[in-house]
Amino acid sequence: MLLSFAPGCHRMFQQFGLVLMLTHACNLRCSYCYNGRGSSGTMSLDLGRRSIDRAIASLAPGGTYELAFFGCEPSLHVDLLSALID
Ligand code: SF4
């Protein structure tokens, strides 16, 4: 299901799943990788926090959310990951 989060949209959810792509960097060298070797951008802490705040603001009372981290290799930025789950 595609959800709209246009300004002014205040739809509330009982469950919400948020997947944050922390980085395009990766320390592996899979031959089939489509990511491209020159891409290593990293999500800012501010953007990550705003994304989590937005997900929480979308929860109906008693609702739950799941937070997952994705990337190429998100554990390369474990400090950022830790700060976001604090
Ligand atoms: S991003 Fe994924 S596919 Fe690409 S090198 Fe890393 S682990 Fe392998």
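1. Helix crossing. In this predicted model, helix H1 passes helix H2 in a right-handed crossing. The two helices, H1 and H2 (residues 78-85), pack at an angle of about 35°, and their axes lie 10 Å apart.

2. Residues at the helix contact. On the H1 side, the contact is formed by Leu-45, Gly-48, Arg-49 and Ile-52; H2 contributes Leu-80, Ala-83 and Leu-84.

3. Overall arrangement. The protein contains two helices and two strands. Along the sequence, these elements follow the pattern β-α-β-α.

4. Burial and contact range. The protein has 86 residues, of which 6% count as buried. Among contacts in the protein with a separation of 6 or more, 76% are between residues 24 or more positions apart.

5. Position and exposure of Cys-33. This residue is located in the loop that runs between strand S1 (13-23) and helix H1 (45-57). Cys-33 counts as exposed because it has 11 C-beta neighbours inside 10 Å, and a residue with 12 or fewer falls in that class.

6. Cys-33 relative to Cys-72. Cys-33 and Cys-72 are 39 residues apart along the chain. In the predicted model, their C-alpha atoms are separated by 9.6 Å.

Methods
Residues numbered from 1 in each chain as written. Predicted model: local features only at pLDDT ≥ 70, side-chain atom pairs only at ≥ 80, totals over all residues. Helix = DSSP H or I, 4+ residues; strand = E, 2+ residues; numbered from the N terminus. Buried ≥ 20, exposed ≤ 12 C-beta atoms within 10 Å, placed from the backbone. Contact = placed C-beta atoms within 7 Å. Axes fitted to C-alpha atoms, helices over the stretch in contact; angles between N-to-C directions. Left-handed = near helix turned anticlockwise from the far one by under 90°.
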